[in-house]
Amino acid sequence: MPIPLGELAALGTAGCWTVSSIAFSAAGKRIGSLSLNLVRLVIAFVLVTLYCCVRRGMLLPFDAPPRTWGWLLASGFVGYVFGDLCLFRAFVLVGPRLSMLVMALVPPMAAVLGFFLLNERISPLGIAGMIVTISGVAWVVRERPDTASTSDTASAGRNLQNGILLAFGGAVGQALGMVLGKIGMGTYDPVASGQIRIMAGMAGFAALFTAVGWWKKTFEGIRDKHAIGYATIGAFAGPFVGVSLSLVSVQLTETGIAATIMSTTPVLIIPVVILTGQERVSARAAIGAIVAVAGVAMLWVR
């Protein structure tokens, strides 16, 4: 049975985010996650703009109506600025394992928002597929060790509470940003839509950096050639190709289904980690991956 284009784009998004997460992790260790947020968006904006100049003959999406601009700017701010700031801080407080487990709430959040804001409907089999996929992803992510630790019990408790709340904020930002993007995009070009969202993210981080005096550290970071190399790879795979594919996906299929397929990124990372870090795959991880793939297959059944 052929795979619908919307679901195929969502799977491509998960693959792109797998590559970008590895690249951004390497870059973030060198220049810091906050500076990386703006650097990756600037690089992605250059790539998207060059693509649009060649493909559309237009430097910026001047042909987008005001309504499209408004919704997509809101989507970019919510997703890139609010969502990513929350998620990256959660990584610091509770580690990637627990953060990504909370982020598994994105698909049901997106489905609920799509139901109320877009009047989207998901079949019982689609709902079952979402549950199975999320369960498989959560099974894999829960196994990963949490590197965050402290001898201060009270401090650890606060970090846990704040980290979970921040990860939840990241999930809300990603889900709401996805739905707002679909509302604003309509039938408009997905890549040009992504360009508008990136501009919103750059403006948001520029304002934040000005407010907290972060420009000096950012300019110091961009002199690190290795970090910029990793950031360029991540920007190409993530905000450029990955986000464009995600917008194609939500344009062609239900938001909840698209978000569920995209949530398989933690599972797809497993073979990459094995190849780059000689990490062995446990039976638990293998079973979780099989369960997640089975759930995705259920989403493709109409």
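This note concerns the salt bridges of a predicted model.

1. Count. Five salt bridges are found in the predicted structure. Three of them, those of Arg-30, Arg-40 and Arg-56, are taken up below.

2. Arg-30 and Asp-224. These two side chains form a salt bridge, with an N to O distance of 2.9 Å. Arg-30 belongs to helix H1 (residues 5–31), whereas Asp-224 sits in the loop between helix H8 (215–221) and helix H9 (225–252); the pair therefore ties together parts that lie 194 residues apart in sequence. The relative accessible area of Arg-30 is 43%, so this residue is partly exposed.

3. Arg-40 and Asp-84. Here the closest N and O atoms of the salt bridge are 2.2 Å apart. Arg-40 is part of helix H2 (residues 33–56) and Asp-84 is part of helix H3 (residues 66–103), so this pair ties together parts separated by 44 residues in sequence.

4. Burial of the Arg-40 pair. On which side of the cut-off does Arg-40 fall, buried or exposed? Arg-40 has a relative accessibility of 6% and therefore counts as buried, given that the cut-off for burial is under 20%. Its partner Asp-84 also counts as buried, at 13% relative accessibility.

5. Arg-56 and Asp-63. A salt bridge joins the side chains of these residues, with 2.5 Å from N to O. Asp-63 counts as partly exposed because its relative accessibility is 40%, a value that has to be read against the range between 20% and 50%.

Notes. Residues numbered from 1 in each chain as written. Predicted model: local features only at pLDDT ≥ 70, side-chain atom pairs only at ≥ 80, totals over all residues. Heavy atoms only, no water. Salt bridge = Lys/Arg side-chain N within 4 Å of Asp/Glu carboxyl O. Helix = DSSP H or I, 4+ residues; strand = E, 2+ residues; numbered from the N terminus. Buried < 20%, exposed > 50% of the residue type's maximum accessible area, 1.4 Å probe, protein only.
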